[in-house]
Amino acid sequence: MEFKVEVYRFNPEFDDKPYYKDYVLEDFPGMTVLNALINIKSEIDGTLSFRRSCRSAICGSCAMKINGISKLACKTQVNPEIEKFGIIKIDPLSNMPIIRDLVVEQEGFFDKIKEIQPYLMGKSDVGEHVDDFHALKEGEKITQPVFYKSEFRNLTGNNDTPNCILCECCYSECGGVAGNKDYLGPAALAKLYRYSEDPRDNDKNGSRLVNGSKPNRMWDCVHCQACEEFCPKGISPVKSIVKLHEKAIKNSINFSNGAKHIISIAKSIGETGGLDEIKVALDTGGITGLINDLPMAFGAGLKGKIPPIRLKLIKDMEDIRLAYKILDLEEK
Ligand code: SF4
């Protein structure tokens with residue numbers, strides 16, 4: 001069967017603007033999109049640039065947008081794509097500058113991974129002057145039963161965060177990064193959670209959680225769930241991020257607006273069963289935050305959405321109190 005591949009092309013040395021170039025190929029059983037690209041490069045057009053390496057969904061190099069979704073080209077078969085879309089349309093990943101054709105600039109992504117200190121902290125990393133940086137002694141090595149029980153491994157029952165291959169598919173699909181280029185993104189935050197849960201890590205003072213609670217980090221996730229939906233390794237970064245929120249609040253690391261917001265919402269519902277929007281805005285951003293929210297509040301007021309000054313208790317308040325008791329939320 002013949003099929004059409006439409007590929008994003010841009011070489012800043014020669015092109016004023018990006019364009020799409022069409023190629024017609026003949027498929028073979030089990031042909032992947034990466035096979036198609038290699039075929040184009042070796043047989044038709046040697047100028048096409050794209051990353052690839054292992055061809056086994058292990059290295060993460062060949063991530064790109066295939067018919068609008070960030071995927072690994074080596075793991076995506078041609079036939080199902082043609083059946084669904086009638087064409088293979090290929091674009092570079094989103095949320096990253098384009099260097100040339102399908103090759104994106106990865107430096108920003110890896111700088112963000114570095115920010116979360118993606119290694120086990122030795123005692124010297126946390127201020128103790130012991131020369132044991134990274135090198136784990138025999139007794140400190142993780143045992144298999146401990147590893148298999150580890151929280152960070154079991155969020156989706158799929159080995160989870162240790163399986164990340166840093167392919168950037170989640171980063172490309174992330175609504176948080178799309179809206180804020182400084183946001184750390186799902187892969188880095190999943191790694192932050194993975195190290196914060198590792199029993200071998202020497203960060204006993206929660207410095208990872210403090211670091212992760214700063215602006216543009218864990219509290220800036222917009223919970224769009226795209227990272228979970230599009231990760232080719234079945235990892236759920238958003239579940240890691242929610243776990244990070246829980247850990248930060250349990251450890252009283254509450255200085256960020258995100259933590260203050262969650263605590264205030266929980267308090268409001270625990271007290272009245274409803275959401276005291278004025279109080280939540282005040283608790284979250286203080287007087288300045290409240291003033292900044294005024295235009296939005298004014299707009300909502302014009303549409304008849306005026307929050308009550310004082311909330312009434314809801315009818316089933318006892319059920320809420322019971323739920324809070326069971327969940328041990330009363331004091332939080
Ligand atoms: Fe890729 Fe999944 Fe890791 Fe994100 S979490 S970088 S999608 S393997």
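The structure is a predicted model in which local features need pLDDT of at least 70 and side-chain atom pairs count only at pLDDT 80 or more, whereas totals for chains, interfaces and linings use all residues. Residues are numbered from 1 along each chain as its sequence is written, and side-chain values use heavy atoms, with hydrogens and water left out.

The protein chain contains 14 helices and seven strands; helices (H or I, at least four residues) and strands (E, at least two) are DSSP runs numbered from the N terminus. Along the principal axes, its C-alpha atoms fill a box of roughly 70 × 65 × 40 Å. Of its 332 residues, 41% count as buried, a term that means under 20% relative accessible area, with exposed meaning over 50% and partly exposed lying in between (1.4 Å probe, protein chains only). The accessible surface is about 18300 Å², and carbon and sulfur atoms account for 54% of that area; such areas come from the Shrake-Rupley method with a 1.4 Å probe, and for residues only the protein chains shown count as cover. Contact here means heavy atoms within 4.5 Å. Among contacts between residues at least 6 apart in sequence, 61% join residues at least 24 apart.

Helix H10 covers residues 237-250. At 1.5 Å a residue, its 14 residues should span 20 Å, and the end C-alpha atoms are 20 Å apart, which agrees; the expected span is 1.5 Å times one less than the number of residues. The buried residues of H10 include Val238, Ile241, Leu244, His245 and Ala248. An α-helix has 3.6 residues a turn, so residues three or four places apart point the same way. The buried residues of H10 pack against helices H7 (186-196), H8 (207-212), H9 (226-230) and H11 (257-272). After H10 comes serine 252, whose phi is positive, near 55°.

Valine 78 belongs to helix H2 (residues 78-85). With a relative accessibility of 1%, valine 78 counts as buried. Leaving aside neighbours within four places in sequence, valine 78 is in contact with Phe3, Met31, Thr32, Val33 and Ile88. Phenylalanine 3 is 75 residues away along the chain, yet the two C-alpha atoms are separated by 9.0 Å.

Side chains of opposite charge can pair when their charged atoms come close. A salt bridge is a side-chain nitrogen of Lys or Arg within 4 Å of a carboxyl oxygen of Asp or Glu, and by this rule the count comes to 15. One of them joins arginine 9 and aspartate 101, with the closest N and O atoms 3.1 Å apart. This pair links distant parts of the chain, 92 residues apart: arginine 9 is in strand E1 (residues 2-9), and aspartate 101 is in the loop between strand E6 (98-100) and strand E7 (103-104). Both arginine 9 and aspartate 101 are buried.

Glutamate 115 and arginine 217 also meet in a salt bridge, at 2.3 Å from N to O. Glutamate 115 lies in helix H3 (residues 107-115) and arginine 217 in the loop between H8 and H9, so the pair ties together parts that are 102 residues apart in sequence. Glutamate 115 is partly exposed at 34% relative accessibility, whereas arginine 217 is buried at 13% relative accessible area. A further salt bridge connects aspartate 201 with arginine 208, the closest N and O atoms being 3.0 Å apart, and both aspartate 201 and arginine 208 are buried. Salt bridges that share partners join Arg9, Lys21, Asp45 and Asp101 into one network.
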